[in-house]
Structure formats: structure tokens, C-alpha cells
Amino acid sequence: MRAGVALLAAASLFLASCSSNEVQSETESTTEVTAADLRLVSGSFTVGSPVLETPPPFHGLPSDSTPTASGDEYGDFGIADVQVVDARAVFTFAGEGVINYVGRYVDSAATYAGGDLDVPGTSILQVDLISSPSADPGNDVEVAADGGIRSLLTSSATAGVVQAFVGTGSERPDFTVTTESDPPALIVTVLG
């Protein structure tokens, strides 16, 4: 990604040097993209011991697709609880399945179902929990907290995707996403 940003910057400098008659006024500002603006955390973890099914071969060729968990045999797989503890949003899970997650800062809390949520805080950290079978959070959760996390709202906007919106106490602080196995949990920690 750094190489792409460097190439874009080099191309911009080259094009700017080619236009000899253009002068930038002192009141104009330029936008600089930094690594901090491009923060993204992603990964996956397994809850329980789901049996993974490999997709069938296509026209006799072996499948190179990633195996997926089948939810029918496992009963209720989902989010058992959501809590804010200090500067950590803790999602605990029940049942068996695979959770994929993506965390990033967004300008507004737009759900995939097409609505916007009001998330109190200075910045909004969005964490998507993607699972097979679907991890249904039940009711939306809103937590008011002190410290690095000001609020937390969840929304099950689409089958298989739960969106969590974390309102932070400061402007886009660093964050980590870790997992634990006993009990199965995904932990979003806001650092600052």
C-alpha cells in the first residue's frame, strides 16, 4: 500500500512540475494522506469446533474456495453478550462458527440496511463481524461509558453481518482487535 501511495505522490509531483504557469496561492491547502488515516484491522477466528464444508468441484476441477461452516448442525450461533469494560468493547459468542472481522474509522455510522445511527463520541470506529452461520446480536445494544469508549451500538443489518459502531473519546485513536478462546470473545481496545 505504501508503494501505491508513493507512486501516486510521485505522479502528482511530476504533473505539477509539467505545468509551469500554475502558481499555488498561500490560502490553498493540500490534503496529505498519512498511514494513520488508512488504519484497518482485519482477521478471523473460530468459535467452538465447527465442521467446515469444502464447496463441490466445478466441472470436475477441485475447488480452491475456502471451506465454510455449516450452521444447521450447530443450533444457535451468535453473540451472547456485548459489554464495555474500561476502554474495551467485548463481544462474547455462543455456539460454533467462524467470525471474520474488519475494523476501520468512518465519517458516519451508515448501516448496510440503509439507515444512519447517531453514535455519541468524537470519532466512529466501525467493526464488521462477518460470520457463517449468522451471528445474530438479538437486540441493538447502546452503552454509555467513560474513558476511551463513549458509546457502542450494534446493528444486524444483513444476514451474516453484524455492524458495531464505537464512539471514541478522542480523535481517531489507535485501536487493536484481539480474540480469546475461553470464553470465545472478540475484544476491541481503544488506545487513547
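Me: Two strands pair if DSSP finds at least two bridges between them; in this predicted model, how many bridges join β1 to β6?
Reply: Strands β1 and β6 run antiparallel, and one of the bridges between them has T46 with V98 of β6 as its partner. Since a pairing needs at least two bridges, the count for β1 and β6 is enough, for it comes to 8.

Me: Does V41 count as buried or partly exposed?
Reply: V41 lies in strand β1, which spans residues 40–47, and, leaving aside its neighbours within four places in sequence, it is in contact with Y101, V102, G103, F175 and V177. The relative accessibility of V41 is 23%, whereas buried would require under 20% and exposed over 50%, so V41 counts as partly exposed.

Me: What distance separates the C-alpha atoms of V41 and F175?
Reply: Along the chain, V41 and F175 are 134 residues apart, yet F175 is among the residues in contact with V41. The separation of their C-alpha atoms is 8.6 Å.

Me: Which kind of aromatic pair do F45 and F93 form?
Reply: A pair of aromatic rings is described by the distance of the centres and the angle of the planes. For F45 and F93 the centres are 5.8 Å apart and the planes stand at 70°, and since planes over 60 degrees apart fall in one named class, this pair is edge-to-face.

Me: Which strands hold F45 and F93, the two residues of that pair?
Reply: F45 counts as buried at 10% relative accessibility, and F93 counts as buried at 5%. The pair links distant parts of the chain, 48 residues apart, with F45 and F93 lying respectively in strands β1 and β5.

Me: How many residues apart in sequence are the parts that Y105 and F175 tie together?
Reply: The ring centres of Y105 and F175 are 5.6 Å apart with their planes at 85°, so this pair is edge-to-face, and both Y105 and F175 are buried. Y105 lies in strand β6 and F175 in strand β13, so the distance in sequence that the pair bridges is 70 residues.

Me: How many residues does the largest nonpolar core have?
Reply: Among the residues with the most contacts inside this core are F91, F93, L129 and L152, and F93 is also one of the two rings in the pair with F45. The number of residues in the largest nonpolar core is 25.

Definitions and conventions. Residues numbered from 1 in each chain as written. Predicted model: local features only at pLDDT ≥ 70, side-chain atom pairs only at ≥ 80, totals over all residues. Heavy atoms only, no water. Helix = DSSP H or I, 4+ residues; strand = E, 2+ residues; numbered from the N terminus. Buried < 20%, exposed > 50% of the residue type's maximum accessible area, 1.4 Å probe, protein only. Contact = heavy atoms within 4.5 Å. Core = buried A, V, L, I, M, F, W, Y, C linked by side-chain atoms within 4.5 Å. Phe/Tyr/Trp six-rings, centres within 6.5 Å; stacked < 30°, edge-to-face > 60°.
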